[in-house]
Each structure stands twice: as structure tokens, then as C-alpha cells.
Amino acid sequence: MGRASGFNAVRVMAALLACLLIVGCTRTPLYSQLDEQQANELMAALLDAGIPAEKTPRRARPAGRSWSIAATSRMRCRC
């Protein structure tokens, strides 16, 4: 147990931190195949609760375009 093991511990911690940053920068899908009114209402509820979210269009359905809602990783303080 000398400098080499200390260096390895630092490398392992750096790798874990990098993995957490990569995972933390993803979007988590919550709902899909919503009509635009449903998507807007869900977005408003999430944003009011301090949960950042994104609304993205999906493939067109026979009745029109569908929307998907995903939560993003950045949280804001609701103080």
C-alpha cells in the first residue's frame, strides 16, 4: 500500500464520477403518445412542481401528431 494504490483509488473515483455525470445528463421518458393538450397540462404540472421536463413531438398518429414528455436531470430549487 503505497503511492500506487493511492493513485489507483483516485483513478477509480474519477471513473465513477465520470459515469455519474454521464448518467445524470440523460432524459427519463415519463409519458408518450399524448395529444398536445395532455402534453401541455403535464408539462405545466411538472414545471410547477420544480421538475424540469421537455416536450418532444413523435411520429404522426392517424388522428394527428403525438407528444412525449421526458424529465431532465437538472433540478431547480422551489424556494
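This is a predicted model: local features need pLDDT of at least 70, side-chain atom pairs count only at pLDDT 80 or more; totals for chains, interfaces and linings use all residues.
## A walk around helix α2

On the face of α2 that points away from its buried side sit the exposed residues Gln 37 and Asp 48.

What lies on the buried side? Ala 39, Met 43 and Leu 46 are the buried residues of α2. They span an arc of only 70° around the axis, so they lie on the same side of α2. The general rule behind such a pattern is that an α-helix has 3.6 residues a turn, so residues three or four places apart point the same way.

The helix itself has 13 residues and reaches 18 Å from first C-alpha to last, close to the 18 Å expected at 1.5 Å a residue. At its start, a side-chain oxygen of Asp 35 comes to within 3.2 Å of the backbone nitrogen of Gln 37.

Now to the core. The largest nonpolar core has 7 residues: Leu 34, Ala 39, Met 43, Leu 46, Ala 53, Trp 67 and Ile 69. Two elements, α2 (36-48) and β3 (64-71), each give two or more residues to this core, and α2 gives the most, with 3 residues. Leaving aside neighbours within four places in sequence, Leu 46 is in contact with Leu 30, Ile 51, Ala 53 and Ile 69.

| Residue | Phi | Place |

Most residues other than glycine have a negative phi.

Definitions and conventions. Residues are numbered from 1 along each chain as its sequence is written. Side-chain values use heavy atoms; hydrogens and water are left out. A nonpolar core is a set of buried Ala, Val, Leu, Ile, Met, Phe, Trp, Tyr and Cys residues joined through side-chain atoms within 4.5 Å. Buried means under 20% relative accessible area, exposed over 50%, partly exposed in between (1.4 Å probe, protein chains only). Helices (H or I, at least four residues) and strands (E, at least two) are DSSP runs, numbered from the N terminus. Contact means heavy atoms within 4.5 Å. The expected span of a helix is 1.5 Å times one less than its number of residues. The arc is that of the directions from the helix axis to the C-beta atoms. A polar contact is a pair of N or O atoms within 3.5 Å; within protein, one must be able to donate a hydrogen and the other to accept it, and residues adjacent in sequence count only if both atoms are side-chain atoms.
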